[in-house]
Amino acid sequence: MKKGPAAADDRMISGKLRGKAGRAGAAASTVLVDGTDYAWSYRHGWLVWGKGIKAISVSVSLKPLRTRELILDFTVKVGAEDPAPAEARVARALAGAIRSAVAAGWDPESRGRAFRFEVAEG
């Protein structure tokens, strides 16, 4: 059993997130929204063939693996050969998406399962 400060930190990780914690180390970017820093990182992206739609899933939290995760699903209309949106474009869209998710009921300081929020195309 672990002892010391690392053990205390480990107790704060919910059971379902322990596997993710073991894979921690991927750098997360931050975005400042209304005076609060949120960590964010890409979860995955995909292309809906024949529809001209690409989607990106982004994970947002106050402290990765320590507070309730927000999963933002962005849908972007693009041509079949267009690349995924640039990170700068996604970062610009995050502030409004985070505000909308909070208004829809996401409490970043709560515990529990991830809050999934679909961002309307704008």
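## Reading a predicted fold, step by step

Biologist: Is G45 buried or exposed?

Modeller: Buried means under 20% relative accessible area, exposed over 50%, and partly exposed in between (1.4 Å probe, protein chains only). G45 has a relative accessible area of 52%, so it is exposed.

Biologist: Which residues is G45 in contact with?

Modeller: Contact means heavy atoms within 4.5 Å. Setting aside neighbours within four places in sequence, G45 is in contact with A55 and I56.

Biologist: Now the whole chain: in what order do the elements run?

Modeller: The protein chain has 3 helices and 5 strands, and from the N terminus they run α-α-β-β-β-β-α-β. Of its 122 residues, 31% are buried.

Biologist: How many salt bridges does the structure hold?

Modeller: The general idea is that side chains of opposite charge can pair when their charged atoms come close. A salt bridge is a side-chain nitrogen of Lys or Arg within 4 Å of a carboxyl oxygen of Asp or Glu. The structure holds 3 of them. In one, D34 pairs with R99, with the closest N and O atoms 3.2 Å apart. D34 is in the loop between β1 (29-33) and β2 while R99 is in helix α3, so the pair ties together parts 65 residues apart in sequence. D34 counts as exposed at 60% relative accessibility, and R99 as partly exposed at 41%.

Biologist: And which residue does D73 form a salt bridge with?

Modeller: D73 pairs with R116, the closest N and O atoms being 2.7 Å apart. D73 lies in strand β4 and R116 in strand β5, so this bridge ties together parts 43 residues apart in sequence. D73 counts as buried, at 11% relative accessibility, whereas R116 is partly exposed at 48%. Another bridge joins the side chains of R43 and E69 (3.2 Å, N to O).

Biologist: What about R68: where is it found?

Modeller: R68 is in the loop between β3 (53-61) and β4 (70-77). R68 is buried yet has no salt bridge, and the nearest side chain of opposite charge, D107, is 6.8 Å away. For charge, Lys and Arg count as positive and Asp and Glu as negative; His and the chain ends are not counted. A polar atom of the R68 side chain does lie 2.8 Å from the backbone oxygen of R113.

Biologist: How many aromatic pairs are there?

Modeller: Rings of Phe, Tyr and Trp (its six-membered ring) pair if their centres lie within 6.5 Å; planes under 30 degrees apart count as stacked, over 60 as edge-to-face and the rest as tilted. The structure holds 2 such pairs. Y38 and W106 have ring centres 5.9 Å apart and planes at 40 degrees, so that pair is tilted. Both Y38 and W106 are buried. W40 and Y42 form an edge-to-face pair, 5.5 Å centre to centre with 75 degrees between the planes. W40 counts as buried at 3% relative accessibility, while Y42 counts as partly exposed at 38%.

Terms used: Residues are numbered from 1 along each chain as its sequence is written. This is a predicted model: local features need pLDDT of at least 70, side-chain atom pairs count only at pLDDT 80 or more; totals for chains, interfaces and linings use all residues. Side-chain values use heavy atoms; hydrogens and water are left out. Helices (H or I, at least four residues) and strands (E, at least two) are DSSP runs, numbered from the N terminus. A polar contact is a pair of N or O atoms within 3.5 Å; within protein, one must be able to donate a hydrogen and the other to accept it, and residues adjacent in sequence count only if both atoms are side-chain atoms.
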